[in-house]
Amino acid sequence: MSALEPGEFAEHPEESRYWVKSVGRALDVLEILARDVDGKGMSVTEIGSELGLSKSAAFATLYTLQARGFVRDEGVGMMRKYRLGAALSRLGTVATATEMLARPRVSQASRAGAQL
């Protein structure tokens with residue numbers, strides 16, 4: 001197998017020795033919650049079922065994400081629902097700003113390379 005360039009991934013990255021299963025699971029949870037466009041939230045059972053996880057694995061992932069502000073919850077017991085948290089908005093703002101700052105530099109570098 002040849003070396004990958006920065007930002008390049010194998011066809012099936014989850015099969016790579018570098019794949020971190022718990023990180024992938026956490027991102028899967030965030031992506032599922034992002035599909036909750038009606039804003040009703042999702043229960044730990046719904047999230048676990050959608051991902052094929054036990055309730056305890058789903059809860060542990062949600063707990064960790066909630067502790068870092070990436071997920072929030074409302075309700076108690078069987079009525080508890082999870083939604084995306086404010087930390088994602090903060091990351092999105094930073095990513096967008098970084099992208100906007102990088103664009104002019106990339107364009108300048110492309111133009112300079114074309115003039116050679």
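User: Which residue does E46 form a salt bridge with?
Analyst: E46 forms one with K81, and their closest N and O atoms are 3.7 Å apart. Keep in mind that this is a predicted model.

User: Where in the chain do E46 and K81 sit?
Analyst: They link distant parts of the chain: E46 is in helix α2 and K81 is in strand β2, 35 residues apart.

User: What about exposure, is E46 buried, partly exposed or exposed?
Analyst: E46 is partly exposed, because its relative accessible area is 37% and that category runs between 20% and 50%. K81 counts as partly exposed too, at 25% relative accessibility.

User: How many salt bridges does the structure hold?
Analyst: Five. Another of them joins D73 and R80, with the closest N and O atoms 3.0 Å apart. D73 is partly exposed at 23% relative accessibility, and R80 is partly exposed at 28%.

User: And what's the N to O distance between E74 and R83?
Analyst: It's 3.2 Å, and their side chains meet in a salt bridge. Salt bridges that share partners also join R72, E74 and R83 into one network.

User: Are E74 and R83 buried or partly exposed?
Analyst: E74 is partly exposed, with a relative accessible area of 39%. R83 is buried, because its relative accessible area is 14% and the cut-off for buried is under 20%.

User: OK, zooming out. How many helices and strands are there in the protein chain?
Analyst: Four helices and two strands. Starting at the N terminus, the order is α-α-α-β-β-α.

User: How do strands β1 and β2 pair?
Analyst: β1 (residues 71-74) and β2 (residues 81-84) pair in the antiparallel sense, over four bridges.

User: Switching to the inside. Which residues in the largest nonpolar core touch the most other members?
Analyst: That core has 15 residues, and the ones touching the most other members are V29, L33, I47, L62, L65, V71 and Y82. Helices α1, α2 (44-51) and α3 (55-67) each supply at least two residues of this core. The largest share, five residues, comes from α1.

User: What is V71 in contact with, skipping neighbours within four places in sequence?
Analyst: Quite a list: L30, L33, L62, L65, Q66, Y82, R83, L84 and G85.

User: And T61, buried or exposed?
Analyst: T61 counts as buried, at 10% relative accessibility. T61 lies in helix α3, and leaving aside neighbours within four places in sequence, T61 is in contact with R25, A26 and V29.

User: What percentage of the residues in the protein chain is buried?
Analyst: Buried residues make up 20% of the 116 residues.

User: Last one: how far apart are E31 and L84?
Analyst: In sequence they're 53 residues apart, but in space they're 9.3 Å apart, C-alpha to C-alpha. E31 is in helix α1. E31 counts as exposed, because its relative accessible area is 52% and exposed means over 50%.

User: How many contacts join parts of the chain that are at least 24 apart?
Analyst: I can give you that as a share: of contacts between residues at least 6 apart in sequence, 41% join residues at least 24 apart.

Key:
Residues numbered from 1 in each chain as written. Predicted model: local features only at pLDDT ≥ 70, side-chain atom pairs only at ≥ 80, totals over all residues. Heavy atoms only, no water. Core = buried A, V, L, I, M, F, W, Y, C linked by side-chain atoms within 4.5 Å. Buried < 20%, exposed > 50% of the residue type's maximum accessible area, 1.4 Å probe, protein only. Contact = heavy atoms within 4.5 Å. Pairing = 2+ DSSP bridges. Salt bridge = Lys/Arg side-chain N within 4 Å of Asp/Glu carboxyl O.
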